[in-house]
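User: I would like to go through this model term by term. For each label, set the value against its cut-off.

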Amino acid sequence: MAVALRQNRPGTAKQDLYSWSPQDMDDMNTTLVCHQYIQQLIRADNSDVAKIVACPDEQDPDVWQYEHIRQICMELNGLVLALEPGCTKEKFPTMFTKSSEMQFLCAVYNPPRSTDAMTYIVNTLDHTIGQLCSEKMFPSRVNIPEASVKKFASICRRIYRIFSHAFFQHRDVFDTFEAETKLCRRFHAFVTKFDLMKERDLEIDGL
C-alpha cells in the first residue's frame with residue numbers, strides 16, 4: 001500500500017500547502033509529536049483556540065506548554081514585521097503598552113535600560129527564542145527541566161507586552177494580523193489555562 005508523502009514539494013502553491021489528511025497524535029512517528037500536532041490543529045481551525053491549547057491526556061503538560069510558547073514566538077515574528085514601518089524611534093522612543101506613564105526597561109541589557117519600542121520588541125523576541133533554543137535551559141524537547149518550566153510565566157509576561165503595544169498603539173496593524181492568525185486569542189487561552197498569567201494582567205479586551 002502506498003504511503004502518503006507528508007511533505008510540501010518545492011513550487012507548491014500556497015493554497016495547496018499541507019493538503020494531506022490530518023493524523024491522530026498516536027500515529028505521528030516523530031520525537032516532535034507535540035510540535036507537529038499543535039501546528040496541525042492551527043491549520044485545521046486557528047479560531048478554535050480552546051481545542052488548540054488543550055493538552056491531550058497522554059502528553060506531558062510541560063512539553064506541551066514549551067511547544068506552544070515556541071510556536072507563538074514563531075508566529076509573533078509576523079506581527080513584529082508588520083509593526084516595523086510605523087513603530088519608529090521618533091514616534092515611540094520608549095516601550096509602553098496602554099499608557100506612556102508605564103514604561104518598560106529592556107531586560108536583555110545588564111542592567112536593564114530604556115530603549116525605543118521596536119528595539120525592545122525585537123530584543124525581547126530574539127532573547128526569548130534564544131532561551132527556548134538554549135541547550136542549557138532546554139536540553140531536550142521531550143523532557144523539560146523543572147527549573148526551566150518555572151521561566152514560562154516570565155517569558156509569557158514579556159512577550160505579551162508585544163501584543164499589548166500593538167493593540168493600543170498600532171490598532172490597525174494588530175487587527176489585520178489578529179483577523180488572520182487569532183494568535184492573541186490563542187495566547188490568552190493558553191496562559192489562562194496553564195495559569196501563566198493572571199486575568200487582571202491581560203489588558204486586551206474583546207478578542
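Analyst: Of the protein's 207 residues, 43% count as buried. Buried means under 20% relative accessible area, exposed over 50%, and partly exposed in between, with a 1.4 Å probe and protein chains only. This is a predicted model: local features need pLDDT of at least 70, side-chain atom pairs count only at pLDDT 80 or more, and totals for chains, interfaces and linings use all residues. Residues are numbered from 1 along each chain as its sequence is written, and side-chain values use heavy atoms, with hydrogens and water left out.

User: What makes up the fold, in order from the N terminus?

Analyst: The protein has 8 helices and 2 strands. Their order is α-α-α-β-β-α-α-α-α-α. Helices (H or I, at least four residues) and strands (E, at least two) are DSSP runs, numbered from the N terminus.

User: What does the side chain of R186 make a polar contact with?

Analyst: The partner is the side chain of E75, at 2.7 Å. A polar contact is a pair of N or O atoms within 3.5 Å; within protein, one must be able to donate a hydrogen and the other to accept it, and residues adjacent in sequence count only if both atoms are side-chain atoms. Leaving out residues up to four places away in sequence, R186 touches I42, V49, I52, V53, H68, Q71, I72, E75 and T181. Contact means heavy atoms within 4.5 Å.

User: How many aromatic pairs does a search of the whole structure find?

Analyst: The search finds 10 aromatic pairs. Rings of Phe, Tyr and Trp (its six-membered ring) pair if their centres lie within 6.5 Å; planes under 30 degrees apart count as stacked, over 60 as edge-to-face and the rest as tilted.

User: Why is the pair of Y37 and W64 called tilted?

Analyst: Their ring centres are 6.4 Å apart and their planes stand at 45 degrees, so the pair is tilted. The pair links distant parts of the chain: Y37 is in helix α1 (residues 33-44) and W64 in helix α3 (residues 61-83), 27 residues apart. Both Y37 and W64 are buried.

User: What makes the pair of F167 and F174 edge-to-face?

Analyst: The planes of F167 and F174 meet at 85 degrees with ring centres 5.2 Å apart, so the pair is edge-to-face. Both F167 and F174 are buried. Elsewhere, ring pairs link Y66, F138 and F152 into a cluster.

User: Which helix gives the largest share of the lining of the second largest pocket?

Analyst: Helix α6 (residues 152-169) does, with 4 residues. The lining includes R157, Y160, R161, S164 and D201.

Definitions and conventions: 1 Å grid on protein atoms, 1.4 Å probe; cavity = no way out; pocket = protein on both sides within 12 Å on 5 of 7 lines; lining within 4 Å.
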